[in-house]
Amino acid sequence: MDNDFQDNSVGIFLMFSQGSTLKNNLLANATGPFGIGIGMKEASDILVEDNNILYNARGFYIDASPYVPGTVNTFKDNRIEFNSVAFHLHGTLYGSIFEDNVIKGNIDDVINDTPESKIALNRWNRNYWDNYQGFDRDKDGIGDIPFEQRMFADRLWQHKPPVKIFYASPVLELLNMLWKIMPFSEPELVAKDNEPRVLLPGGQTP
């Protein structure tokens, strides 16, 4: 608790851990090809709360966590901002809970690099997503429609890294546009928040 981890390759990495709590830490500027703010491998029953995860290559790298059946990892009230990737999911076996987080200014909010992952078991609730495109007509601070993060053609590199050489190229931009207009297969749903926040608790803007 209450630690600053800045300018490292990796801030915190939990391996084969169970029952740990990460609270009120700053994890910033973990850059480079392996840069990670908080990483987990086969870690179970973890609480990650009230942390600031800023300017990392990957805010979170979550590998087969939770690992122990019947356990849940909870990510709550964190600020995940200005990372290349906010949540990088790998080999998901069981579901985690992601709630009341601020997810803002990231290039990619959620990616999954393992087609066999059971990412549908994750629960996303009441997070603030800065790229949410819905409305809040009843002014209750919750969007009227769910937030959905889908993987279109421009995210093929997540499953096939060699494709990354074409990332942001006109070819993938064209494929992505065509896929959205006239999808030739179902885009992969990697995260769905049924109650996305439009404002933070108390009515503040994030």
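Here is a friendly briefing, sorted by topic.

This is a predicted model, in which local features need pLDDT of at least 70 and side-chain atom pairs count only at pLDDT 80 or more, while totals for chains, interfaces and linings use all residues. Residues are numbered from 1 along each chain as its sequence is written, and side-chain values use heavy atoms, with hydrogens and water left out. Helices (H or I, at least four residues) and strands (E, at least two) are DSSP runs numbered from the N terminus.

**Salt bridges**

- Searching the whole structure turns up nine salt bridges, each being a side-chain nitrogen of Lys or Arg within 4 Å of a carboxyl oxygen of Asp or Glu.
- One of them joins Arg197 to Asp100, at 2.9 Å from N to O. This pair links distant parts of the chain, 97 residues apart: Arg197 is in the segment after strand E18 (188-193), and Asp100 is in the loop between strand E12 (97-99) and strand E13 (102-104).
- Arg197 and Asp100 are both buried; here buried means under 20% relative accessible area, exposed means over 50%, and partly exposed lies in between (1.4 Å probe, protein chains only).
- Asp100 and Arg197 also belong to a salt-bridge network that includes Glu99 and Arg126.
- Another salt bridge connects Glu148 and Lys192, whose closest N and O atoms are 3.8 Å apart. Glu148 is in strand E17 (residues 147-151) and Lys192 is in strand E18, so this pair ties together parts that are 44 residues apart in sequence.
- Glu148 is partly exposed at 35% relative accessibility, and Lys192 is partly exposed at 36%.
- Arg137 pairs with Asp144 in a salt bridge, with 3.2 Å between the closest N and O atoms. Arg137 counts as exposed because its relative accessibility is 70%, whereas Asp144 is partly exposed at 31%.

**Nonpolar core**

- A nonpolar core is a set of buried Ala, Val, Leu, Ile, Met, Phe, Trp, Tyr and Cys residues joined through side-chain atoms within 4.5 Å. The largest one here has 27 residues, and Ile38, Val48, Phe60, Phe87 and Val110 touch the most other members.
- Elements giving two or more residues to this core are strands E2 (10-15), E5 (36-41), E8 (58-63), E11 (85-90) and E18. E11 supplies the largest share, three residues.
- Leaving aside neighbours within four places in sequence, Val110 has contacts that include Phe87, Trp124 and Val190, where contact means heavy atoms within 4.5 Å.

**Loops**

- Phe16 sits in the loop between E2 and strand E3 (21-23), and at 54% relative accessibility Phe16 counts as exposed.
- Gly105 is found in the loop between E13 and strand E14 (108-112), and is partly exposed at 30% relative accessibility.
- Not counting residues up to four places away in sequence, Gly105 touches Phe82, Asn83 and Asp130.
- Gly105 and Leu54 are 51 residues apart in sequence, with 9.7 Å between their C-alpha atoms.

**Sheet**

- Six strands form an open sheet in the order E1-E4-E7-E10-E13-E16, with parallel pairing; two strands pair if DSSP finds at least two bridges between them.
- Strand E1 (4-6) and strand E16 (128-129) stand at the edges with a single partner strand each, so one side of each has no neighbour in the sheet.
- Strand E10 (residues 79-81) pairs with E13 in the parallel sense over three bridges, and Arg79 stands opposite Val102 in E13.
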